[in-house]
Amino acid sequence: MGIKKYIKALEQTTTKEHLEAIYSELIPLVELAKSEKYNLIITSPLVSKDGKVKFLVDLLGIKDEKVINLLKLMTENDRLKELPQAVVLLKDIIAKITGDYKGFVYSKEPLAESKISEIESKLSEKFSKNIKL
């Protein structure tokens, strides 16, 4: 996946805390990408590349220069459509760095909170990670 190199570059040039702040700024894009209007704007040949970056920066209230530069670079390389996947990759990298993972339990019957805690504990121990269900 070509989008991985953008997120890897961020990982190599910033701190864990900054990655988390970047993730917080970009997370709304995952939902926005489901909007037809959003997709029309970022794929339109009638909207300039600078206009697309400005649209995203204004829409999300982005102030961070690294995020703005990421958006500019992705726009320049016609990768804006892949921005939601980049946000997911960023989340995965943060989880890898912190060792904190979230998971889901599907059960035929509702599970007691104590049972969920027990499963979390066993999974966390087995994988040497902090797993929250």
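Nine salt bridges are counted in this predicted model, a salt bridge being a side-chain nitrogen of Lys or Arg within 4 Å of a carboxyl oxygen of Asp or Glu. Side chains of opposite charge can pair when their charged atoms come close. Residues are numbered from 1 along each chain as its sequence is written. Because the model is predicted, local features need pLDDT of at least 70 and side-chain atom pairs count only at pLDDT 80 or more, while totals for chains, interfaces and linings use all residues; side-chain values use heavy atoms, with hydrogens and water left out.

**Stop 1: helix H2**

Select residues 16-26, which form helix H2; helices are DSSP runs of H or I with at least four residues, strands are runs of E with at least two, and both are numbered from the N terminus. Show the side chains of lysine 16 and glutamate 20: they form a salt bridge whose closest N and O atoms are 3.8 Å apart. The two residues are four apart in H2, so about one helical turn separates them. Glutamate 20 is partly exposed at 29% relative accessibility, and lysine 16 is also partly exposed, at 31%. The cut-offs are under 20% relative accessible area for buried and over 50% for exposed, with partly exposed in between (1.4 Å probe, protein chains only).

**Stop 2: helix H5**

Next, select lysine 54 and aspartate 58 in helix H5, four residues apart, about one turn of the helix. Their salt bridge has its closest N and O atoms 2.6 Å apart. Lysine 54 is exposed, with a relative accessible area of 52%.

**Stop 3: from H5 to a loop**

Now select lysine 49 and aspartate 78, a salt bridge with 3.8 Å between the closest N and O atoms. This pair links distant parts of the chain, 29 residues apart: lysine 49 is in helix H5 (residues 49-60), and aspartate 78 is in the loop between helix H6 (65-76) and helix H7 (83-98). Aspartate 78 is exposed at 60% relative accessibility, whereas lysine 49 is partly exposed at 33%.

**Stop 4: threonine 14**

Finish in the loop between helix H1 (4-13) and H2, where threonine 14 lies. Is threonine 14 buried or exposed? Threonine 14 is buried, its relative accessible area being 18%. Beyond its neighbours within four places in sequence, threonine 14 is in contact with Leu19 and Lys66, contact meaning heavy atoms within 4.5 Å.
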